[in-house]
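The stops below are given in the order in which to select them.

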Amino acid sequence: MAITTNAICDSFKKELLQAKHDFDTSSDTYKLAMFTNSATLGKSTTNYTTGNEVSSPTGGYSAGGKALVNQGVKVSSSVAITDFADLSFVGVTLTARGALIYN
């Protein structure tokens, strides 16, 4: 399989309508995990897995990725958006071909 560019998981879309994700408060923790080109990520992805997640020989990246800091929810040009603060991995050497944001 492959990584589908810019896919939003169908399970996430359904869970939004079921109110399983809260982007407006700090009650939910969102993380960004990075994956190799052998990962299968796309609209049918249903949850985070360590399979084909990148590894960092320098120790600056850990399985599970890194927590994102949500900067709130707003409407811009009739589109509802949430924004996360920029994420940095200091002293890390790795090659990633895809990423997954998960709750």
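Select glutamate 53 and tyrosine 48: their side chains make a polar contact at 2.5 Å (a pair of N or O atoms within 3.5 Å; within protein, one must be able to donate a hydrogen and the other to accept it, and residues adjacent in sequence count only if both atoms are side-chain atoms). This is a predicted model, in which local features need pLDDT of at least 70 and side-chain atom pairs count only at pLDDT 80 or more, while totals for chains, interfaces and linings use all residues. Residues are numbered from 1 along each chain as its sequence is written, and side-chain values use heavy atoms, with hydrogens and water left out.

Stay on glutamate 53, which lies in the loop between β1 (31–35) and β2 (66–67). Strands here are DSSP runs of E, at least two residues long, numbered from the N terminus. Is glutamate 53 buried or exposed? Glutamate 53 is buried (under 20% relative accessible area; exposed is over 50% and partly exposed in between, with a 1.4 Å probe and protein chains only). Glutamate 53 has no salt bridge (a side-chain nitrogen of Lys or Arg within 4 Å of a carboxyl oxygen of Asp or Glu). The nearest side chain of opposite charge is that of lysine 31, 8.7 Å away; Lys and Arg count as positive and Asp and Glu as negative, with His and the chain ends not counted.

Now show the contacts of glutamate 53 (heavy atoms within 4.5 Å). Leaving out residues up to four places away in sequence, they include Ala33, Phe35, Tyr61 and Gly64.

Step to asparagine 52, in that loop between β1 and β2. Its phi is near 65°, a positive value in a residue other than glycine. Most residues other than glycine have a negative phi. Asparagine 52 is partly exposed, at 38% relative accessible area.

Next, select β2, β1 and β5, which in that order form an open antiparallel sheet. β2 and β5 (98–102) stand at the edges with a single partner strand each, so one side of each has no neighbour in the sheet. β1 and β5 pair over five bridges (pairing requires at least two DSSP bridges between two strands). Leucine 32 has isoleucine 101 in β5 as its bridge partner.

Finish at β3 (70–76) and β4 (79–84), an antiparallel pair with five bridges. Asparagine 70 stands opposite phenylalanine 84 in β4. Two residues separate the strands of this hairpin, and serine 77 takes a positive phi near 55°. Serine 78, in the loop between β3 and β4, has a positive phi near 70° and is exposed, at 73%.

Methods: Helices (H or I, at least four residues) and strands (E, at least two) are DSSP runs, numbered from the N terminus.
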